[in-house]
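Hello,

Here is the structure I promised to pass on to you. Have a look at it first, and then read on for what turned up.

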Amino acid sequence: MIQAFGLTSNPRKELPPAVDDVSFEARAGCVTTLLGAPGAGKTTVLRLMLELQQGRGTTYFRGRPLHRITHPSHEVGVLLGDVPGHPARTVRGQLRMLCAAAGVPVRRADEVLEVVGLVSLRDERLGTLSRGMDRRLGLACALLTDPHTLVLDALTDGLSVRERHWLHGMLRAHANQGGTVLCTTTDPKEAARIADRIITLEQGRLVADQEAADFSRTRLRPRVAVRSPHATRLAALLTKEARTAQRSVEVVPEAGNRLSVYGSTCADIGETAFRHGILVHQLADEVGDMGPGADSTRQGEPTVRDEGCTTDGTEACTTDGSTGLGEFRETGMTGEVDGAAGQKTAGATPEDTDLPQGSATPPGLSASHGSAGQGPRTATAESTGVTSATRLAEPDVPTSRLPTATRASAASAPARPQDTRPRPFDALTSDSLPPLPPPILVRPAPSPLRPLRYELRRAGGVGTGFLTGAAVLVSSALVAVLLARVGHTPQHRLLAAWPQELPLPPAALGAGLLGAIAFGDEFRHPALAVDRGTVPRRLGLLLAKLLVAAATGLMLAFLTVGCDAEVLYLVYGRELARVPADWLALTTSWIGLVIGCAWAGVLAAGIFRSTTAGLAAVVAVPVLVVPLVQKVLEGSSVRSAAGFSLRLRELLLVEWPFGGERYLAAGARMIAQPVGGALTLSLAGLLCAYLLTTLRSRVR
């Protein structure tokens, strides 16, 4: 089940918070609906529950907050908005990638495709799906890990009647299996049709928490709202007259002195009250989303209650809540709350409300939510946004009006001076107010449980990498042919298609672009971090991306040289396609350059959250960093690194296996070059910046 306590969003400059002190429960085995007009705060409530937005409050999923659950995706299936996937990815590829992220077997993708009826569309691209198919895919993503709880926002918006009925059946089937379903809607009739419990929001506040049957009876049928100190007598008279006239009239007693009359009019009820001398305080038509609590206080007007009088001038006010109005203090607000056994006044002591001292009511949970079976709160408490059990100071209640047990405890307590003057709300001290609900912190998205498998499926699921590789091979071959025609180009630069005028060869630029896409797509299509605005900065995901980028760059480097050599052989003959004498050192430098550019693209895109920024960082290495390194190293040198290979051999008492000192010396010479040194320096700086941003996000 879901238990939400005191959900409150942060204030928006001079505007009130979008959600203010919302508390409710969504029981297991039931479908619970958040109902409200657009802008009522439904989506904000879900984002606060899922820790996607900062605010205050606490939400428990089967007794644990979301950040205390080891694998949240295995407990809660979420769908907020459209499916966050690359438009070119297939339906099956999207689900398989999410299977690797969630750590579930890949066969689960085919199982949920069959459940949601998308088997025939498994090879369709996400960008070509209709609205109904997109909703089905979103439900499949939410069901992928077989979660206990489903949290769905506007699941049926823009769908046909047939699609709506199918989705309603899926939600009901999940609830019948013991799961918890929480969804939002703007249609009261749809809420009454699909839900077991309906929670109504208005302007960010909870105005009703009802069973579906009570909601249908009180909020979907036209009715007349009547308030009278003689509500019981008036109800009996209306029922008798309807029976005599053989009219279908239903009179439903509501909270305290309120009646809801169905099948009659204001004129008929007013005439009946006038003929029998019954005082009426309210007589109004209500329909649709109006209902108990939709009176003048909704516009901020204070409710002034007449303590006084019946038609014969005698007092008729009591404190038991059956027909009277209870005690009212001139504070500009009332705190009437529906209880399981009748009305309780806002200033009641813990003994009055049947709550023990030190009750473990969670912070921010108002008294109207103390029982799952309670009806909606009255508008007097809702209009001011102040709940009686948590916001008002305890007034001085005369002992004669307290129950017997309370009077006994009051008699044994030490006497204190009585102050009969009303205490205004502004006079409340910090000691008399309850503690604020705990803050809600936006936490980073969880890292994929199988990062390497996830990265392989992410990179291979779309054609971007293949198109980039093909473009690199074609452009590299053309540049090599043009360089050979012009002449005056060294053999190693000819095979790499790297003229002096270009800062980097096409293969290095392509590897850097693929590395930048590896992190850039995570921000553009956040499959791992829905609506979080960031992606996981875990070491496992970074290592997986670096490993895949290195493998891609290595493959691209060898394919480019091979393709260039083959094209040069076909066009100009064997002379231009021969292997250089120092091929080992050149190969090492070539591989280091391509892989270094790929890693620079990965790190820069992860830092700046953009593919373009990642590619710009790759180009900045030869354009900006290399001239800076050359300027630092220019001038006469006092010492040189002569004999470096010999000293490497003497470092160990035994010989290096497979001539390892030669490879180390080649790597050292590559780093000593201006481009190699600049690239190494750039990679070190980008890695430090990435680790710094990671630590900063964890501290927050």
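Across which strands does helix α8 lie? Helix α8, residues 212-219, lies across β3, β8 and β9, and runs at about 115° to β9. Please keep in mind as you read that this is a predicted model.

**The sheet**

Those strands belong to an open sheet of six strands, ordered β5-β6-β7-β3-β8-β9, and the pairing in the sheet is mixed. At its edges are β5 (76-80) and β9 (205-211), each of which pairs on one side only. From one strand to the next, the twist averages 15°.

Strand β8 (residues 197-202) pairs with β9 in the antiparallel sense, over six bridges.

**Helices α17 and α19**

The crossing in which α17 passes α19 is right-handed.

On the α17 side, the residues that meet α19 include Ala507, Ala511, Gly515, Phe519 and Phe523. Among their counterparts in α19 are Trp590, Leu593, Cys597, Gly601 and Ala605. Sorted by class, this contact has 14 nonpolar and five polar residues, and no charged residues.

**Helices α14 and α18**

Another pair to view is helix α14 (residues 451-460) with helix α18 (residues 539-572). Their axes come within 8 Å and cross at roughly 45°, which makes α14 oblique to α18. This crossing, too, is right-handed.

From α14, the contact is made by Pro451, Leu452, Tyr454, Glu455, Leu456 and Arg458. From α18, Gly540, Leu541, Ala544, Lys545, Leu547 and Val548 take part. By class, the contact of α14 with α18 has eight nonpolar residues, one polar residue and three charged residues.

Enjoy exploring it!

Best wishes

Conventions: Residues numbered from 1 in each chain as written. Predicted model: local features only at pLDDT ≥ 70, side-chain atom pairs only at ≥ 80, totals over all residues. Heavy atoms only, no water. Left-handed = near helix turned anticlockwise from the far one by under 90°. Helix = DSSP H or I, 4+ residues; strand = E, 2+ residues; numbered from the N terminus. Contact = heavy atoms within 4.5 Å. Nonpolar A, V, L, I, M, F, W, Y, C, P; charged D, E, K, R; others polar. Pairing = 2+ DSSP bridges. Axes fitted to C-alpha atoms, helices over the stretch in contact; angles between N-to-C directions. Parallel < 35°, antiparallel > 145°, perpendicular 65-115°, else oblique.
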